[in-house]
Amino acid sequence: MISLKERLTEILINNKLITQQQLNEALALQRKKGGKLSNIIVELKLIKESVLVSILIKELGLPLIDLKRFKIEHETLNIIPVNIAIFYQIIPVSKMADTLTLAMADPLNIFAIDHVESLTGYKINPIISSSQDILQAIELYYPDITKNAINDLVKEMEGSSIELIKEKEEILPSGTELDRISREAPVIKVTNIILADGVKSRASDILIEPLEKKLRVRFRIDGVLQEKKSPPRSMHQSIVSRIKVISDLDIAEHRLPQDGRFKARILDKDIDFRVSILPSSLGEKVALRILDKSQATLDIERLGFSQGTISKLKTVSKMPHGMIISCGPTGSGKTTTLYSILKLIDSPDKNIVTVEDPVEYQLPGINQVTARPEIGLTFATALRSILRQDPNIIMIGEIRDYETVDIAIKSALTGHLVLSTLHTTTSSGAIARLINMGVEPYLINASLICVIAQRLVRKICIYCKEEYAIKDAIIANLKLNLDKTKKNKFFRGKGCIKCLNLGYSGRLGIAEILMLTPKTKELVLARSQEHVIKEQALKDGMKTLRKEGLDMALAGVTTLEEVLRVSVADE
């Protein structure tokens with residue numbers, strides 16, 4: 001009698017799907033590690049699983065079933081134990097009289113057919129489905145699988161201290177099935193693990209994203225997304241519902257975006273979470289911003305800036321009035337820099353008021369207002385009220401429109417120190433942006449003290465730091481403008497346990513500060529282009545982001561790759 005292996009190899013060779021040499025490689029790997037030949041051929045990418053299934057359908061004359069379009073009755077599922085279904089990659093589809101229709105990833109496996117026949121007493125009618133579809137169906141129909149997946153997840157994340165998460169004490173009304181599921185222990189456990197692991201990994205954001213065939217969990221660590229161990233796809237909706245419950249959001253609403261927040265105690269620290277839920281074509285995507293106050297560095301000396309930058313920041317922060325603008329892309333540390341300036345100049349004889357959307361960190365002794373545009377409390381309306389509160393210093397979370405910038409500039413002209421952020425990539429670009437928003441150049445000259453453009457770069461892990469040589473040709477190609485008289489050394493991290501094998505640990509700021517000198521003011525008044533203002537600023541002593549970053553790289557604090565990632569070449 002022909003063996004299963006011989007039958008499969010015959011089909012593959014006769015249909016010229018693989019060569020004899022490729023088959024020999026697959027057989028050698030099978031002898032070494034075991035497993036099914038069909039799986040090894042797919043793993044080696046010698047043939048796609050869909051092609052293999054199609055050819056088996058043709059050669060064996062068996063029908064194909066799309067399990068996603070088929071509903072299986074619980075009575076039928078109970079015929080085969082879950083461990084047998086997983087082991088053989090099979091799932092019962094229907095039964096009629098003494099015949100059981102069985103979806104199989106490997107219909108040539110007569111041992112599986114014999115085992116199921118002797119176990120159940122039914123005659124087996126095999127049909128074909130892909131291995132992936134069968135495993136997804138098992139996960140969906142057998143509740144034990146979810147429990148096993150959770151247990152595996154818990155083991156992999158052992159030590160995440162999930163019991164330290166402080167749950168809400170009030171009992172929220174339960175009515176829907178999703179609400180009930182979101183309160184069950186497995187869902188709570190997995191959600192808590194994800195939150196605790198995010199805090200433990202020093203992540204700034206957690207993303208929970210539904211993909212077509214799996215659930216993806218990613219952490220943003222030091223500004224870069226890292227994919228993490230994910231729960232089964234079938235748990236997606238219950239995890240989303242759990243996060244909605246603890247954030248006081250509507251768990252029955254799946255069509256509109258929702259925003260909320262909650263607090264938890266994790267690893268003996270009080271953590272604030274900002275929640276954003278966005279409906280997508282594959283389900284609701286969750287973004288969690290982690291606001292860990294213990295990680296917040298609001299000391300200007302500890303932000304990682306160079307001594308020259310710190311000295312300039314201290315000088316401009318002591319100005320009695322005027323406007324300081326911090327600019328850069330989202331997540332570049334603009335708000336943290338402004339918070340640090342506020343903390344530096346805060347004293348009992350100053351009245352400091354901020355308007356933000358939303359307030360990220362509570363600063364003791366400082367009056368902070370959260371903008372709420374949906375009820376009419378915009379930056380502009382909040383600023384008008386703030387000016388009646390006799391402030392010395394005002395911080396505006398972001399300048400978004402002409403109305404806001406108009407009030408901000410008038411505030412700076414009437415004796416207030418105004419701090420704000422603006423979304424531009426360079427310091428000279430901020431001036432061009434203000435003019436484009438409709439601000440008269442003479443008002444910019446009269447009110448603006450300086451513009452700080454900044455970025456965050458990852459620091460090299462001090463435990464696995466190493467020096468390496470870089471070729472002169474690469475330096476020339478990258479237009480790095482290094483001092484050729486010096487021996488330029490660069491460093492990188494090899495990756496170790498301390499830095500999660502990333503080679504980086506923590507971040508620091510690099511900045512270019514454009515001061516409004518008399519020459520620069522002349523160019524602003526003439527509405528000069530951005531590059532002309534930049535050239536003058538360089539003559540006045542401004543160091544660009546690229547130059548500041550290269551100095552940090554040569555000092556062994558960050559890598560050349562990080563500097564190239566966050567800054568553009570100086571023209």
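**Briefing: burial, cores, sheet and salt bridges**

S411 is buried, at a relative accessible area of 2% (buried means under 20% relative accessible area, exposed over 50%, partly exposed in between, with a 1.4 Å probe and protein chains only). The model is a predicted one, in which local features need pLDDT of at least 70 and side-chain atom pairs count only at pLDDT 80 or more, while totals for chains, interfaces and linings use all residues. Residues are numbered from 1 along each chain as its sequence is written, and side-chain values use heavy atoms, with hydrogens and water left out.

- S411 lies in helix α16 (residues 402-413); helices (H or I, at least four residues) and strands (E, at least two) are DSSP runs, numbered from the N terminus.
- Setting aside neighbours within four places in sequence, S411 is in contact (heavy atoms within 4.5 Å) with L387, I394, H416 and V418.

**Nonpolar cores**
- A nonpolar core is a set of buried Ala, Val, Leu, Ile, Met, Phe, Trp, Tyr and Cys residues joined through side-chain atoms within 4.5 Å.
- The largest nonpolar core has 38 residues, and I444 and L448 are among those with the most contacts inside it.
- Apart from that core lies another of 29 residues, including I243 and F273.
- Residues up to four places away in sequence not counted, I444 touches I431, L434, I435, V439, L516 and V524.

**The six-stranded sheet**
- An open sheet with antiparallel pairing is formed by six strands in the order β6-β5-β4-β9-β8-β7; two strands pair if DSSP finds at least two bridges between them.
- Because β6 (224-228) and β7 (258-266) stand at the edges with a single partner strand each, one side of each has no neighbour in the sheet.
- Strands β8 (residues 269-280) and β9 (residues 283-292) pair in the antiparallel sense over 10 bridges, and I271 stands opposite D292 in β9.
- Helix α12 (residues 236-246) packs on the sheet, and its direction makes about 45° with that of β9; axes are lines fitted to C-alpha atoms, for helices over the stretch in contact, and angles run from 0 to 180 degrees between N-to-C directions.

**Salt bridges**
- The structure holds 24 salt bridges, each a side-chain nitrogen of Lys or Arg within 4 Å of a carboxyl oxygen of Asp or Glu.
- E209, buried at 6% relative accessibility, meets R216 in a salt bridge (3.0 Å, N to O); salt bridges link E209, R216, R218 and K285 in a network.
- R565 and E562, three residues apart in helix α23 (residues 560-566), meet in a salt bridge (2.8 Å, N to O); E562 is buried at 2%, whereas R565 is partly exposed at 45%.
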